[in-house]
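Subject: Structure for you to take over

Hello,

I am passing this structure on to you, and it is shown just below. Please have it open while you read the notes that come after it.

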Amino acid sequence: MRHRWTIDDLRQLTLFATCSSRTLEQLIPHVYCRTYRKGQLLFMEGDPRERVYFLMSGYIRLERMNENATHHYADYVKPKQFFPYNGLFTGEDYRHTAEAMTDIEVIYIPTDRFERFVSTQSSMLLYIIGQMNRILDLHERRVQEIITPSAKERVLNTLHFLIEDLGEPDEQGVRVRCPFTAVELSRLSGTSRETVSTILAKLRKEDVLRIDAHQLVIGHPEYFEQDID
């Protein structure tokens, strides 16, 4: 594991791609690397928001529960993404718990250093605003699609959201490399594990998707674009 990153390393990240070397030299002393094992927590909801992160490899779940633990919300971070956006420049505490869904590597920067740096870079601010708008649009549509009395539709719409958010082109169609179990999908869709398992079995039988080491491989992503009866 590297303890420091270079300017060229930072330019792998879209946020820093257009920054001059002289500008990035100011930030490099405050950039740190760390690895986590699957299941480890990076931070918990309510912890002081001391660091911002860039995920370099693996997948992370951001999770939040209401006070009575009766409602569950989860979001996912894929490689080369910045997180958390929530609370940037305004929040003192983390609003989610971050858990490694796989073994991961991250780089992190102290929040105060990062926010001071970004506040002087108009192109970076515009990029962050654009990403926040993209996330807001995606999750507004997610809420609209998943709020339905039909358990089947909730599962299918959840799969559609995961394909859109995490899917990558694959020679077999689209692959969601973030590992998902039936239990995880049932929590996301607000249905039972049995319902999810039944629907997945039907989709496998119809060759719409298959599961490869907990990764979703979607051979016919267009299936999720149509209205399902």
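This is a predicted model: local features need pLDDT of at least 70, side-chain atom pairs count only at pLDDT 80 or more; totals for chains, interfaces and linings use all residues.

Residues are numbered from 1 along each chain as its sequence is written, and side-chain values use heavy atoms, with hydrogens and water left out.

Cores

The largest nonpolar core has 29 residues. A nonpolar core here is a set of buried Ala, Val, Leu, Ile, Met, Phe, Trp, Tyr and Cys residues joined through side-chain atoms within 4.5 Å. Buried means under 20% relative accessible area, exposed means over 50%, and partly exposed is in between, with a 1.4 Å probe and protein chains only. Tyr76, Leu159, Phe180, Leu203 and Phe224 have the most contacts inside this core. The elements that give two or more residues to it are β5 (72-77), α5 (151-166), β10 (173-176), α6 (182-189), α7 (193-205) and β12 (215-218). Helices (H or I, at least four residues) and strands (E, at least two) are DSSP runs, numbered from the N terminus. The most comes from α5, with 7 residues.

Phe224 touches Leu156, Leu159, His160, Ile163, Leu203, Val208, Leu209 and Ile218, leaving aside residues up to four places away in sequence. Contact means heavy atoms within 4.5 Å. Another core, of 25 residues, lies apart from the largest one, and Ile7, Leu10, Cys19 and Met124 are among its members.

Helix α5

Helix α5 is mostly covered, with 12 of its 16 residues buried. Among the buried ones are Arg154, Asn157, His160 and Asp165. At 1.5 Å a residue, the 16 residues of α5 should span 22 Å, and its end C-alpha atoms are 22 Å apart, which agrees. The expected span is 1.5 Å times one less than the number of residues in the helix.

Cysteines

There are 0 disulfides in the structure, a disulfide being a pair of cysteine sulfur atoms within 2.5 Å. For Cys19, the nearest cysteine sulfur is that of Cys33, 18 Å away. Cys19 is buried, with a relative accessible area of 5%. Cys178 is also buried, at 0%.

Aromatic residues

The whole structure has 13 aromatic pairs. Rings of Phe, Tyr and Trp (its six-membered ring) pair if their centres lie within 6.5 Å; planes under 30 degrees apart count as stacked, over 60 as edge-to-face and the rest as tilted.

The rings of Phe16 and Phe54 have centres 5.3 Å apart and planes at 50°, so this pair is tilted. Phe16 lies in the loop between α1 (7-10) and α2 (21-25) and Phe54 in strand β3 (residues 51-57), so the pair ties together parts that are 38 residues apart in sequence. Phe54 also forms an edge-to-face pair with Phe114, at 6.2 Å centre to centre and 70° between the planes. Because Phe114 lies in helix α3 (residues 111-118) and Phe54 in β3, that pair ties together parts 60 residues apart in sequence. Phe54 is buried, with a relative accessible area of 2%, and Phe114 counts as buried at 0%.

Elsewhere, Tyr32, Phe43, Tyr53, Phe83, Tyr94 and Tyr108 form one aromatic cluster. The charged end of Arg51 sits over the ring of Tyr108, 3.9 Å from its centre. A charge sits over a ring if NZ of Lys or CZ of Arg is within 6 Å of the ring centre and within 35 degrees of the ring normal.

Tyr127 lies in helix α4 (residues 122-146) and is partly exposed, with a relative accessible area of 28%. Tyr127 touches Thr14, Leu15 and Tyr85, again not counting residues up to four places away in sequence.

Backbone details

A cis peptide bond joins Phe83 and Pro84, with omega about -10°. Pro84 lies in the loop between β6 (81-83) and β7 (97-100).

Lys80 is not a glycine, yet has a positive phi of about 75°. Lys80 is found in the loop between β5 and β6 and is partly exposed, at 41%. Phe89 has a positive phi too, near 70°. Phe89 is in the loop between β6 and β7 and is partly exposed, with a relative accessible area of 38%.

Regards
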